[in-house]
Amino acid sequence: MFKLTFEVFSRFQAVTDANKLLYTPIADKLTYNHTRYYTAECEGDEKAARDYLRRVLVDPISQRVQEDDTPALTGELFCISYGIKKGALDLEKEAILANYAGRKGLPFTLKSLTITQRIYIFGEGDKEALSARFCKDVCNPAIHTWSVR
Amino acid sequence: MPHALLLKYPGTNCDVETERALSAAGFSTQVQPIATATPVHVERAQLVVFSGGFSYGDYVMSGRLAQLETERFLGDALQKHFDKGGFLFGICNGFQILTKLGILPRASLIWNKSERFECMWDRLVKVSTSCPYTQLLPDEFELPSAHAEGRLVCDPGDAEKYLANGCVALQYADNHNGSELRIAGLQDPTGRAMGLMPHPERFLLPRHHYDPDWTGDPDWGWGYYFFKGAFEALK
């Protein structure tokens with residue numbers, strides 16, 4: 001069993017006003033950018049698994065990918081990672097797995113796939129209070145789990 | 001009578017209007033869900049159409065899962081169809097799918113510069129002179145647009161190449177989504193494969209225009225002439 005990670009981010013998307021993420025604006029001058037972080041557990045041919053997942057997850061023209069499990073963006077005040085909680089329907093994951101399951105003769109087995117959105121908040125301020133505020137507006141406890149670092 | 005195959009994906013939502021436009025232009029039509037599509041369906045068609053919508057909920061990125069599922073169900077049938085002189089036409093989400101299938105010049109459609117879904121009418125300028133889809137249209141005309149991921153981007157220098165070698169079929173007069181070189185529609189060098197972000201099927205009749213007193217054409221909206229142009233080239 002081996003683990004592959006892909007943090008995918010846009011070549012074209014610049015940081016933008018973080019108030020766009022909130023229901024009501026705050027005075028702190030914060031900006032944000034976001035990425036998508038995929039974790040796959042596989043067995044078999046690692047190169048084939050990596051090639052297949054890169055082909056599915058990454059657009060070579062408009063996106064870049066970080067595969068060494070270090071954060072794709074740096075310098076943030078904090079980063080929120082959130083994804084669909086276990087038991088809730090993750091339609092994106094199901095669509096990817098359906099394509100994988102429909103492909104015959106792949107020399108690897110995709111055992112699990114986890115999809116996480118990462119929101120990097122940049123600027124200065126009270127990390128604890130601000131991250132709580134952003135989590136409250138970005139994440140939905142009915143369907144999401146999340147963490148802040 | 002030329003035959004058009006319209007491939008439908010979960011989330012495609014413009015297939016009815018697009019089929020109506022194809023029929024109005026003279027095509028016999030078949031709407032085929034991708035899960036039951038076979039290379040035989042493609043072999044029977046002179047034109048393969050990808051209509052607008054949000055295939056697979058735009059998960060991962062617009063058009064990606066549709067591309068993967070098309071390859072899974074049809075293999076290289078679309079490439080063979082194209083190599084044998086067949087036509088392909090992609091509208092909005094269909095344009096996104098066609099770019100990912102690699103039949104159109106290499107490009108990608110990403111989130112609008114505004115990072116919002118935008119629904120508006122676009123003024124368009126014809127650029128290519130070899131595009132069968134736009135042959136019957138005036139040099140400038142308007143069509144409705146509705147998309148979130150319509151900003152065309154390319155590898156460095158490619159957009160300029162496409163403009164120079166006749167692969168840019170249409171440009172926006174007002175570049176609301178931030179596309180490189182205002183590109184609204186791309187074609188392959190022959191013009192047989194074309195994709196555009198605005199929706200010609202939504203302006204089939206004069207009464208579809210936002211201005212009830214529009215007098216641009218007595219019988220048809222500008223969108224009709226895309227389908228008629230393809231029909232004239234194929235009949």
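The structure is a predicted model, in which local features need pLDDT of at least 70, side-chain atom pairs count only at pLDDT 80 or more, and totals for chains, interfaces and linings use all residues. Residues are numbered from 1 along each chain as its sequence is written, while chains are lettered from A and ligands numbered from 1 in the order in which they are written.

**Figure 1. Overview of chain A.** Chain A comprises three helices and seven strands; helices (H or I, at least four residues) and strands (E, at least two) are DSSP runs, numbered from the N terminus. The C-alpha trace of chain A spans about 55 × 35 × 25 Å along its principal axes. Of its 149 residues, 26% count as buried. A residue is termed buried if 20 or more other C-beta atoms lie within 10 Å of its own, exposed if 12 or fewer, and partly exposed in between, with C-beta atoms placed from the backbone. Among contacts in chain A with a separation of 6 or more, 83% join residues 24 or more positions apart; two residues are in contact if their C-beta atoms, placed from the backbone, lie within 7 Å.

**Figure 2. The side of chain A that touches chain B.** Contacts link 14 residues of chain A with 17 residues of chain B. On the chain A side, the elements giving two or more residues are helix 1 (46–57) and helix 2. Helix 2 of chain A provides the largest share, six residues. By class, this side of chain A holds seven nonpolar, four polar and three charged residues. Ala, Val, Leu, Ile, Met, Phe, Trp, Tyr, Cys and Pro count as nonpolar, Asp, Glu, Lys and Arg as charged, and the others, Gly among them, as polar.

**Figure 3. Helix 2 of chain A against helix 3 of chain B.** Helix 2 (residues 91–102) of chain A packs against helix 3 (residues 64–74) of chain B at an angle of about 15°, with the axes 10 Å apart. Helix 2 of chain A is therefore roughly parallel to helix 3 of chain B. Axes are lines fitted to C-alpha atoms, for helices over the stretch in contact, and angles run from 0 to 180 degrees between N-to-C directions; those under 35 degrees count as roughly parallel, over 145 as roughly antiparallel, 65 to 115 as roughly perpendicular and the rest as oblique. A:Ala95, A:Asn99 and A:Gly102 meet B:Leu65, B:Leu68, B:Glu69 and B:Arg72.

**Figure 4. Helix 1 and helix 7 of chain B.** The axes of helix 1 (residues 15–25) and helix 7 of chain B come within 8 Å and cross at roughly 50°, so helix 1 of chain B is oblique to helix 7 of chain B. B:Ala21, B:Leu22, B:Ala24 and B:Ala25 in helix 1 meet B:Tyr224, B:Phe227, B:Lys228 and B:Phe231 in helix 7. By class, the contact has seven nonpolar, no polar and one charged residues.

**Figure 5. The largest nonpolar core.** A nonpolar core is a set of buried Ala, Val, Leu, Ile, Met, Phe, Trp, Tyr and Cys residues joined through C-beta atoms within 7 Å. The largest has 93 residues, of which B:Leu47, B:Val48, B:Val49, B:Leu78, B:Leu88, B:Phe89 and B:Leu98 touch the most other members. Helix 7 (residues 224–234) of chain B supplies the largest share of this core, six residues. Another core, of 10 residues, lies apart from it and includes A:Ala18, A:Tyr32, A:Tyr120 and A:Leu130.

Figure 6. Nine of the nine residues of helix 5 (residues 93–101) of chain B are buried; among them are B:Phe95, B:Ile97 and B:Leu98. The covering elements include strand 3 (47–50), helix 3, helix 4 (77–83), strand 4 (87–91), strand 5 (108–110) and strand 11 (193–196) of chain B. Beyond its neighbours within four places in sequence, B:Leu98 is in contact with residues including B:Phe50, B:Leu88 and B:Ala193. Just after helix 5 of chain B, B:Gly102 takes a positive phi of about 85°.

**Figure 7. Two loop residues of chain B with positive phi.** B:Glu115, which is not a glycine, has a positive phi of about 60°. B:Glu115 lies in the loop between strand 5 and strand 6 (118–126) of chain B and counts as exposed because it has 11 C-beta neighbours inside 10 Å. In B:Leu181, phi is near 50°. B:Leu181 belongs to the loop between strand 9 (168–172) and strand 10 (183–187) of chain B, and is partly exposed, with 16 other C-beta atoms within 10 Å.
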